[in-house]
Amino acid sequence: MYFKQSIYILGFFILLASCSGKKEEPAVYENKKLATEQHNSIHLTADQISAIHLSTTTIQNKTMEKLVRLNGKVEIAPSAINSLSSIMGGHIKSINIINGSHVNKGQVLAVVEDPQFIQLQQDYLVTKAQLEAARLNFNRQKDLNTSKAASDKTFQTAQAEYATLTATLKGLEEKLRIVGINAKGLTSGNIRSRINIYAPFNGFVSKILVNNGQYINPSDTLFELINPSGLLLELKVFENDVNDVKVGQDILVYNNQNPDKKTAARIVSIVPNIENGGAAMAVAKMSAFNSEFVRGMYINAEVNINSRYTLGLPNESIVSYNNKSYVFEDMGKDTYTMIPVTVGISDDQFTEIEKAESLKSKKIVQQGAYSLLMALKNKAE
């Protein structure tokens with residue numbers, strides 16, 4: 001098709017050159033610059049019209065829908081990346097996961113051992129026993145003080161000791177809770193030297209930063225976990241499609257390795273600024289977790305724009321020059337004028353023309369529009 005069209009255009013220029021060589025014929029073009037003239041007209045002879053098989057059409061009402069294809073890659077929201085560490089230092093006794101493992105909330109990821117865990121439990125049990133003794137003494141001194149059998153000072157000392165031990169026990173109980181030891185069930189018979197590191201949510205492991213036997217400090221990161229609900233799809237939206245892609249639209253996403261398997265997602269935000277490359281960015285979230293999508297993977301997406309009844313022209317009627325769209329109007333007497341237009345959605349055959357009311361009564365060139373553009377451009381240069 002392209003070869004056939006090229007032959008027509010070449011024949012048109014040869015015919016144009018032969019006609020322009022005859023002295024008796026007037027100039028066939030107005031000598032105006034294409035880039036600056038609002039209306040650019042060209043006059044053809046009958047032979048020239050025949051050479052390019054020029055035909056005309058009119059603006060038409062069409063029911064059209066648009067499939068927008070996007071591309072981008074998988075990212076992760078910062079809030080969905082969790083760096084796990086141990087509340088207290090110790091030696092790594094075992095690691096129960098590998099990179100890429102899927103983990104469930106509460107699953108044991110690793111075991112850490114250190115004598116300080118024993119000391120913490122011992123302190124708790126000793127303080128608990130001291131508190132019980134302090135409670136009994138406080139109640140006894142309270143009764144004695146009521147009957148004036150004991151001094152206020154003795155009662156106040158017992159009261160202060162009881163309050164101090166109560167606070168100390170509460171603090172130790174909270175420390176045990178943080179390291180994963182249930183203080184309520186702790187006795188001298190079940191003191192242990194190891195604590196478990198648990199998964200805080202359902203997700204998967206992206207990094208393991210320790211190994212068995214390694215001593216770790218509380219500030220050291222052991223694992224990096226990713227919450228799959230935080231996976232984001234960052235998609236480029238080119239300028240021509242920005243007005244059609246909106247927040248809340250459902251899309252289908254797939255990767256190049258498995259293009260037939262498409263995953264549902266929804267657009268949650270659009271960055272309104274047009275970048276230097278002529279694209280905005282749409283951010284989407286998947287409806288369900290898919291383990292095939294990992295951070296950094298390049299992906300593709302399809303967006304079906306709702307069909308609408310609109311005015312349009314055949315695609316071959318519309319030409320592009322300097323990133324703008326034009327059509328040629330048949331002015332009669334073999335003269336054709338280039339008119340700027342704003343295009344909307346397109347399909348395989350037709351393109352929507354926005355604000356097309358002014359074109360309703362006009363004859364628009366269909367076949368041969370590109371040849372007219374090339375001829376007009378060539379003359380302007």
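This is a predicted model: local features need pLDDT of at least 70, side-chain atom pairs count only at pLDDT 80 or more; totals for chains, interfaces and linings use all residues.

Visitor: How many helices and strands does the protein have?

Guide: Helices (H or I, at least four residues) and strands (E, at least two) are DSSP runs, numbered from the N terminus. By that count the protein has 5 helices and 21 strands.

Visitor: What share of the residues counts as buried?

Guide: Buried means under 20% relative accessible area, exposed means over 50%, and partly exposed lies in between (1.4 Å probe, protein chains only). The protein has 381 residues, and the buried share of them is 39%.

Visitor: Among contacts between residues at least 6 apart in sequence, what share joins residues at least 24 apart?

Guide: A contact means heavy atoms within 4.5 Å. Among the contacts you describe, the share is 73%.

Visitor: Which strands are at the edges of the open sheet of 4 strands?

Guide: Strands of a sheet pair through backbone hydrogen bonds, either parallel or antiparallel. Two strands count as paired if DSSP finds at least two bridges between them. Here the order is E8-E7-E5-E10, with antiparallel pairing. Pairing on one side only marks the edge strands, E8 (194-198) and E10 (215-216).

Visitor: Which residue of E10 is the bridge partner of His 91?

Guide: Strand E5 covers residues 90-95 and pairs with E10 over 2 bridges, in the antiparallel sense. The bridge partner of His 91 in E10 is Tyr 215.

Visitor: Is Ala 110 buried or exposed?

Guide: Ala 110 lies in strand E7, residues 108-113. Because its relative accessibility is 0%, Ala 110 counts as buried.

Visitor: How far apart in space are Ala 110 and Ile 195?

Guide: In sequence, 85 residues separate Ala 110 and Ile 195. From C-alpha to C-alpha, the distance in space is 8.6 Å.

Visitor: Which residue of E19 stands opposite Asn 40, and also opposite Phe 328?

Guide: Strand E1 (residues 40-43) pairs with strand E19 (residues 335-346) over 4 bridges, in the antiparallel sense. Strand E18 (residues 324-332) also runs antiparallel to E19, joined by 7 bridges. Asn 40 stands opposite Met 338, and the residue opposite Phe 328 is likewise Met 338.

Visitor: In E20, what is the bridge partner of Val 343?

Guide: A hairpin through 3 residues joins E19 to E20. E20 (residues 350-354) runs antiparallel to E19, with 3 bridges between them. The partner of Val 343 is Ile 353.

Visitor: Which strand gives the most residues to the lining of the largest pocket?

Guide: On a 1 Å grid over the protein atoms alone, a pocket is an open set of points where a 1.4 Å probe fits, with protein on both sides within 12 Å along at least five of seven lines, and lining residues have an atom within 4 Å of a point. The largest pocket holds about 610 Å³ of space, and the closest of its 18 lining residues to the centre are Glu 239, Asn 240, Asp 241, Val 343 and Gly 344. E18 and E19 each supply at least two residues of the lining. The most, 5 residues, come from E19.

Visitor: With which residue does the side chain of Thr 351 make a polar contact?

Guide: Thr 351 is found in strand E20 and is buried, because its relative accessible area is 8%. The contact of 2.6 Å joins its side chain to that of Asn 315.

Visitor: Is Lys 333 buried or exposed?

Guide: Lys 333 sits in the loop between E18 and E19. Its phi is positive, about 55°, although Lys 333 is not a glycine. Because its relative accessible area is 78%, Lys 333 is exposed.

Terms used:
Residues are numbered from 1 along each chain as its sequence is written. Side-chain values use heavy atoms; hydrogens and water are left out. Grid points are joined across faces, edges and corners, and a volume is the space filled by probe spheres set on the points. A polar contact is a pair of N or O atoms within 3.5 Å; within protein, one must be able to donate a hydrogen and the other to accept it, and residues adjacent in sequence count only if both atoms are side-chain atoms.
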